[in-house]
Amino acid sequence: KNLMHMRAVPHHFLESSQLAPLADSYGLDKSALDMECTLAKQTLNGKELDEMIDVLRELSPLRVAFPLLVKLLQIALTIAVSTAHCERSFSALKRIKSYLRSMMTQQ
């Protein structure tokens with residue numbers, strides 16, 4: 001839910017009160033984040049941004065002005081959204097191991 005507020009689409013885009021739990025999880029200063037969010041909204045106003053990666057691309061050159069926001073965007077983009085990929089990996093590993101075990105012979 002909190003990651004949705006990092007996307008450029010919702011009307012609560014970069015709402016610092018909504019991003020506070022995520023910032024708390026990573027020990028980021030909420031008052032500084034609030035100020036960065038306010039400035040970033042003004043900076044990004046009128047730009048066509050559809051995804052979080054677009055916001056990060058716009059703010060990366062301005063990393064000095066928005067260090068916490070850039071860090072939070074990087075965190076949000078690297079957090080796994082689901083466990084499906086991980087579960088598929090374990091499922092494939094299980095199939096491989098089963099096949100190898102059945103091919104083993106006693107010598």
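**View 1. Helices H3 and H4 in contact.** In this predicted model, the axes of helix H3, which covers residues 52-59, and helix H4 come within 10 Å and cross at roughly 150 degrees. Since angles over 145 degrees count as roughly antiparallel, that crossing makes H3 roughly antiparallel to H4. The crossing in which H3 passes H4 is left-handed. On the H3 side the contact is made by Met 52, Ile 53, Val 55, Leu 56 and Leu 59, and on the H4 side by Leu 69, Val 70, Leu 73, Gln 74, Ala 76 and Leu 77. Sorted by type, the residues of this contact divide into 10 nonpolar, 1 polar and no charged.

**View 2. Helices H2 and H4 in contact.** Helix H2 (residues 30-44) and helix H4 (residues 67-78) have axes that come within 8 Å and cross at roughly 90 degrees. With such an angle, H2 is roughly perpendicular to H4. From H2, the residues Ala 32, Leu 33, Glu 36, Cys 37 and Ala 40 meet Pro 67, Leu 68, Leu 69 and Leu 72 of H4. The residues of this contact divide into 8 nonpolar, no polar and 1 charged.

**View 3. Helices H1 and H2 in contact.** The axes of H1 and H2 come within 10 Å, and they cross at roughly 135 degrees. That angle makes H1 oblique to H2, and H1 passes H2 in a right-handed crossing. Here Ser 16, Leu 19, Ala 20, Ala 23 and Asp 24 in H1 meet Lys 30, Leu 33, Asp 34 and Cys 37 in H2. The residues of the contact divide into 5 nonpolar, 1 polar and 3 charged.

**View 4. The buried residues of helix H1.** The buried residues of H1 are Ser 16, Leu 19, Ala 20, Leu 22 and Ala 23, and they pack against H2 and H4. After H1 comes Gly 27, whose phi is positive, near 65 degrees.

**View 5. The largest nonpolar core.** This core has 23 residues, and those with the most contacts inside it are Leu 14, Leu 33, Leu 44, Val 55, Leu 59 and Leu 69. Two or more residues are given to the core by each of the elements H1 (16-25), H2, H3 and H4, and its largest share, 6 residues, comes from H4. In soluble globular proteins, nonpolar side chains tend to be buried together. Leaving aside residues up to four places away in sequence, Leu 44 touches Phe 13, Leu 14, Leu 49, Val 55, Glu 58 and Leu 59.

**View 6. Thr 38 in helix H2.** Thr 38 is found in helix H2 and counts as partly exposed, because its relative accessibility is 40%. Although Thr 38 and Glu 15 are 23 residues apart in sequence, their C-alpha atoms are 8.3 Å apart in space.

**View 7. The whole protein.** Of its 107 residues, 28% are buried. Among contacts between residues at least 6 apart in sequence, 51% join residues at least 24 apart.

How values were computed: Residues are numbered from 1 along each chain as its sequence is written. This is a predicted model: local features need pLDDT of at least 70, side-chain atom pairs count only at pLDDT 80 or more; totals for chains, interfaces and linings use all residues. Side-chain values use heavy atoms; hydrogens and water are left out. Axes are lines fitted to C-alpha atoms, for helices over the stretch in contact, and angles run from 0 to 180 degrees between N-to-C directions. Helices (H or I, at least four residues) and strands (E, at least two) are DSSP runs, numbered from the N terminus. Angles under 35 degrees count as roughly parallel, over 145 as roughly antiparallel, 65 to 115 as roughly perpendicular and the rest as oblique. Contact means heavy atoms within 4.5 Å. Ala, Val, Leu, Ile, Met, Phe, Trp, Tyr, Cys and Pro count as nonpolar, Asp, Glu, Lys and Arg as charged, and the others, Gly among them, as polar. A crossing is left-handed if the near helix is turned anticlockwise from the far one by less than a right angle, and right-handed if clockwise. A nonpolar core is a set of buried Ala, Val, Leu, Ile, Met, Phe, Trp, Tyr and Cys residues joined through side-chain atoms within 4.5 Å. Buried means under 20% relative accessible area, exposed over 50%, partly exposed in between (1.4 Å probe, protein chains only).
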